[in-house]
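Work through the exercises below with the sequence and the model open. Each task is followed by a solution in steps.

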Amino acid sequence: MILLFSNCNHLSGLYVGSHPLTTIVLDEHVAETKAANELQHYLNRISGSDIAISREKGSQGMILLGKDESLPEHGISYGVEGGNLYLKAGSSEALLDAVYTFLENELGARFYSPKVERIPRQSSFVFPEDLHYHYSPPIHVRTVHSRLYYKNPRFAEKQKVTTEAFPGYVPRARVHTFHRFLPAEQFYEEHPEYYALRKGRRLTTQLCLSNEAVFHIVSDSVEALLQAYPESNVISVSQDDNTQYCQCESCEAIHEREDSPAGSMIYFVNKIAHEFPDKSISTLAYQYTRKAPRHIKPAANVLITLCSIECDRSAAIGEKCQDFTRDLQAWAKLTDNIRIWDYTTQFTNFLAPFPNLHTLQPNIQLFTDNNAKWIFEQHSNQPSELFELRSYVTAKLLWNPEADISLIMDDFLKGYYEEAAPFVRSYIDRVHEELGKDSSFFLFLYGDPSQAFESFLQLDLLKEYDNYFEKAREAVTNNAALAERVAEARLSVDYAILEYAKRDMKAAGVDAFFDLENRLNRFKETTERGEITAMNEMRFTVAEYLEMYQKSLDRAQASNLASGKSVKLFTKAKKYAGENPLTLTDGAYGGNNFYANWLGFEGNDLEAIVDLESPQSLSRFSAAFLQVSNHIVFFPEEVLYYGSLDGVNFELLGKVNNQAPLTKESKINDIQYFELQVSPGTFRYIKIIGRNMDVAPDWHNAAGLPAWVFIDEFEVS
């Protein structure tokens, strides 16, 4: 820090040498007064001065704010010259960046969250006459997908990030726009040829980009939207969120020539861009279009939005996601107009431990090394693990990819958690250290904490993490605000422990460490106070999670004659739960994600028989089924229960229909219990059949692909 603190008792206020700084002077090129107002506000708070704002220059003792045409558009500078302090920027928009950078660097101001600032109080400051600072950020459009910034624009300005996810975009055409331009309800029946050809069928999943009529309709739609939003300078012409692209003869010829389906995309988008040369046409390099085309180059006004969704987050992208790195480098050879869409949290479990903080800096550096001037870091928007810290650190790195991340984190932790900071830091260091020991672990954006129960979330480690937060709580027990921040930080460890308990909920229910009743209550109370409502990006709420958890806990404690009994499958399970049929009777309960304790069947029915080992009088039969509709996991159409004494001759006991048939409005993430109550009968063998709907319906983003059925614990009594 360059600021000099004066020990001269007769001085008060702000000084350059012996000259008191009394007035902020805005030059004639700056119409907006926000930068001056913010500087005035904080200088007066810090020093107790009464600094005025004027547009009239004096000779000395001024703080000069204005544009400097010698600076790049996004560049800033400040320093001392001729007895005055100056703050300059290459544009009026960047002048606010200069103000906040000056306040942080030279006066020690810190803006940790919308509600937590640290503003030092000093009666006198003397700025050295050799003070000079210049900086031009390599990233010009910086976005952190966090409600801390979207709901608090002033805080976003302090962290030098955008106040919205898609600045400059047409509001109704930001991403995944094909279905908006050619709605299937309007065009498909008369013109199926406008849509993707897949295995001889036209599906509404994507558009046929070699069809000239499609080009004209999309062009007309783009024109209408640009006219409706004349202030917008970017519009997205981009694939829908699935991989079912057109494979007609004409499109495939382009794909073959360009060695990538991105070929037809760039061919099409370039034609649109030609029609609107004064606008930017944004498109995605995402999933099937991520690989750059071999020959065709994006037009000068085409913005390539390159997405890193598939990458392993346990290490830097350049180390563990080399396919993406090669694609990025290939696009960088084709265009300077690259927008990165990166990801920083686990979207299936916002509150889960996700030790990827060490990857943020090398990833951003990789992007800037390859022409990325616009970076969108898709955080959770809703609160997630260490939400304020992640939002803060990511913003700092977008402003300066070369910043010392360890110092930034330490500064934040001390300022935000105060006496609890060492314990929160210990948790962060330890969980990252443990992940680093497991080089084979794939830290996935769409994963689940259960995948780490033999890795960085082993039970002994969970106990250690829990102890760190217990010490953190004790350190701030007399400060309600700090105690609440610690409680919110602890949610991720509480969540991991609650999920671990599902391995054997009956035993966990009486285990002193798990202490499920108190842990669930703390989780509920903390989320309610913090207005934390979302568990994942699929609109699965905290309230639903707690309700389902209590339901699983009640089921675990209830009598179940099938518990621990052998199971024989008559249809093939696939991949999940180790394909182990005993998943149905092992006492481990699945949650809202199919990774843990769910047995999956892809494109086929579930058919299983449970041997109760001896005849039993039974009247109730129940099984849980999962729905994650965007991942082609649907409830069975019906579930049938059969009983037998000999395991050969079965009688139908009853059929339970799906009470929530799949529609476009169905809940994305849900659990349904298919329960049958009958008059008591005596049986040893119970057969269960779950009817799969076979394939996703035509309106679904995975139309024609095999559907999944996932079943959890089977209960009889």
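**Exercise 1: two helix pairs**

H7 and H9 cross with a right-handed sense, where right-handed means that the near helix is turned clockwise from the far one by less than a right angle, and left-handed anticlockwise. The model is predicted, so local features need pLDDT of at least 70 and side-chain atom pairs count only at pLDDT 80 or more, while totals for chains, interfaces and linings use all residues. Residues are numbered from 1 along each chain as its sequence is written, and side-chain values use heavy atoms, with hydrogens and water left out.

Task: Which residues make the contact of H7 with H9, and how do they divide by class?

Step 1. Take contact as heavy atoms within 4.5 Å. From H7 come Glu212, Val214, Phe215, Val218, Ser219 and Val222, and from H9 come Phe268, Lys271, Ile272 and Glu275.

Step 2. Sort them by class: Ala, Val, Leu, Ile, Met, Phe, Trp, Tyr, Cys and Pro are nonpolar, Asp, Glu, Lys and Arg are charged, and the others, Gly among them, are polar. The contact of H7 with H9 has six nonpolar, one polar and three charged residues.

Task: At what angle do the axes of H15 and H16 cross, and what does that make the pair?

Step 1. The axes of H15 (residues 421-436) and H16 (residues 459-475) come within 8 Å and cross at roughly 165 degrees.

Step 2. H15 is therefore roughly antiparallel to H16, a term for angles over 145 degrees.

Step 3. The crossing of H15 and H16 is left-handed.

**Exercise 2: the end of H1**

Task: Where is glycine 48 placed, and is it buried or exposed?

Step 1. Glycine 48 follows H1 and has a positive phi, near 75 degrees.

Step 2. Glycine 48 lies in the loop between H1 and strand E5 (52-54).

Step 3. With a relative accessible area of 63%, glycine 48 is exposed.

How values were computed:
Axes are lines fitted to C-alpha atoms, for helices over the stretch in contact, and angles run from 0 to 180 degrees between N-to-C directions. Helices (H or I, at least four residues) and strands (E, at least two) are DSSP runs, numbered from the N terminus. Angles under 35 degrees count as roughly parallel, over 145 as roughly antiparallel, 65 to 115 as roughly perpendicular and the rest as oblique. Buried means under 20% relative accessible area, exposed over 50%, partly exposed in between (1.4 Å probe, protein chains only).
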